[in-house]
Amino acid sequence: MGARPGPPPDLGDDETRHPAVDAAVLAIANAATLAPADQIAQYEAAYETLRETLATIDQT
């Protein structure tokens, strides 16, 4: 099996971060510990969170 992802890099202060994006990235990293069948649902949920978050950013 390949290398497991580490924690997200420090990308700056809290003003430049988005909690929903941070949670989605963490969920993707945590999915590596799940059974392959369970990973799919985790990846889909993270994708949906990222898609919705980016859509709201585009609207501002």
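Residues are numbered from 1 along each chain as its sequence is written, and side-chain values use heavy atoms, with hydrogens and water left out. In this predicted model, local features need pLDDT of at least 70, side-chain atom pairs count only at pLDDT 80 or more, and totals for chains, interfaces and linings use all residues.

Colleague: How many helices and strands are in the protein?

Modeller: Both kinds are DSSP runs, numbered from the N terminus: helices are H or I, at least four residues, and strands are E, at least two. By that rule, the protein has two helices and zero strands.

Colleague: What percentage of the 60 residues count as buried?

Modeller: Buried means under 20% relative accessible area, exposed over 50%, and partly exposed in between (1.4 Å probe, protein chains only). Among the 60 residues, the buried share is 13%.

Colleague: Is Gln39 buried or exposed?

Modeller: Gln39 sits in helix H2, which covers residues 36-58. Its relative accessibility is 18%. The cut-off for buried is under 20%, so Gln39 counts as buried.

Colleague: Which residues does Gln39 touch, not counting those up to four places away in sequence?

Modeller: Contact means heavy atoms within 4.5 Å. Leaving out residues up to four places away in sequence, Gln39 touches Ala31, Ala32 and Leu34.

Colleague: How far apart in space are Ala27 and Tyr43, C-alpha to C-alpha?

Modeller: Ala27 lies in helix H1, residues 19-31. Ala27 counts as buried because its relative accessibility is 17%. In sequence, Ala27 and Tyr43 are 16 residues apart; in space, C-alpha to C-alpha, the distance is 7.8 Å.

Colleague: Which residue forms a salt bridge with Arg17?

Modeller: A salt bridge needs a side-chain nitrogen of Lys or Arg within 4 Å of a carboxyl oxygen of Asp or Glu. The count by this rule is two salt bridges. Arg17 is partly exposed at 24% relative accessible area. The closest N and O atoms are 3.1 Å apart, and the partner of Arg17 is Asp22.

Colleague: What separates Glu48 and Arg51 in helix H2?

Modeller: These two form a salt bridge, with the closest N and O atoms 2.6 Å apart. Glu48 is partly exposed at 29%, and Arg51 is partly exposed at 41%. Glu48 and Arg51 are three residues apart in helix H2, so the separation is about one helical turn.
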